[in-house]
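Good morning, everyone. Let me put today's structure on the screen, and then we can walk through it together.

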Amino acid sequence: MLKGSCCCGTIKFTLSSPPTMMGTCYCTRCRKVGATTFVFVKRDSFKLISGVDSISTYKPEAPYKYNRCFCTHCGTSLGEITSPEESFPVAANCFDNELKITNMFHEFVKEKPSWYGICDEAKQFIEHPHQ
Ligand SMILES: [Zn+2]
Ligand SMILES: [Zn+2]
């Protein structure tokens, strides 16, 4: 069982099956919220254990559409943990256990700042990966 939490520990969640994918996004939105590396999890394996009342959601204006969740108390970026989708991204930094997957791709490399160097062989995409 994988566990995750925010920095102050108010928000806690578990994951009953391992994430299916890990990716890193360099778009300005992901960078500014401090959640560039994420994993995709299945809705039925994700369980919020505590802190539901402390989840704040930032809803961006169009054309951006992804809602970003934070802890109201400590500001930890959590990913899209309130998403209604079957599969959604969770910030990899929130996990308390070692994740047994490694980064599988880099996206929005066109927005990557020059001070950040990519140090693995994972595939790079200018924007979202092509399906
Ligand atoms: Zn917190
Ligand atoms: Zn992004």
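Let's start with a question: does Cys69 count as buried, partly exposed or exposed? Cys69 counts as buried, because its relative accessibility is 1%. The cut-off for buried is under 20% relative accessible area. Please keep in mind that this is a predicted model.

Stay with Cys69 for a moment. Which cysteine sulfur is the closest to the sulfur of Cys69? The closest one is in Cys94. The two sulfurs are 10 Å apart, so they are too far from each other for a bond. For a disulfide, the two sulfur atoms have to be within 2.5 Å. By that rule, the count of disulfides comes to 0.

Now look at another cysteine, Cys8. Cys8 counts as partly exposed, because its relative accessibility is 40%.

Next, the metal. Which residues coordinate the zinc ion, ligand 2? They are Cys25, Cys27 and Cys30. Each of them uses its SG atom, at 2.1 to 2.3 Å. Along the chain, the donors follow the spacing C-x1-C-x2-C. Cys25 counts as buried because its relative accessibility is 2%. Cys30 has 8%, so Cys30 counts as buried too.

Let's step back to the whole chain. How many helices and strands are there? The chain has 1 helix and 11 strands. In sequence order, the pattern reads β-β-β-α-β-β-β-β-β-β-β-β. So much for the order; now the overall dimensions. The C-alpha trace spans about 35 × 35 × 25 Å along its principal axes. The radius of gyration is 14 Å. A compact globule of 131 residues would have a value near 14 Å, so the chain agrees with that rule. Of the 131 residues, 43% count as buried.

What about contacts along the sequence?

Now for some strands. Find E1, residues 2-5, and E2, residues 12-15. These two strands run antiparallel, and 4 bridges join them. Which residue in E2 is the bridge partner of Gly4? The partner is Phe13. E1 and E2 form a hairpin, with 6 residues between them. Look for Gly9 in the turn, where phi is positive, at about 85°.

E2 has another partner, strand E5, residues 46-50. E2 and E5 run antiparallel as well, and 4 bridges join them. In this pair, Lys12 stands opposite Ser50 in E5.

One last stop: Thr20. Where is Thr20 found? Thr20 is in the loop between E2 and strand E3, residues 21-25. Thr20 is partly exposed, because its relative accessible area is 43%. Now leave aside the neighbours within four places in sequence. Which residues are in contact with Thr20? They are Phe40, Lys42 and Met104. Take Phe40 from that list. Thr20 and Phe40 are 20 residues apart in sequence. In space, they are 5.7 Å apart, C-alpha to C-alpha.

Methods. Residues are numbered from 1 along each chain as its sequence is written. Chains are lettered from A and ligands numbered from 1 in the order in which they are written. This is a predicted model: local features need pLDDT of at least 70, side-chain atom pairs count only at pLDDT 80 or more; totals for chains, interfaces and linings use all residues. Side-chain values use heavy atoms; hydrogens and water are left out. Two strands pair if DSSP finds at least two bridges between them. Donors are N, O and S atoms within 2.8 Å of the metal (3.2 Å for Na, K and Ca); water is not among the atoms, so sites may look incomplete. Buried means under 20% relative accessible area, exposed over 50%, partly exposed in between (1.4 Å probe, protein chains only). The radius of gyration is taken over C-alpha atoms; the globule rule is 2.2 Å times the number of residues to the power 0.38. Contact means heavy atoms within 4.5 Å.
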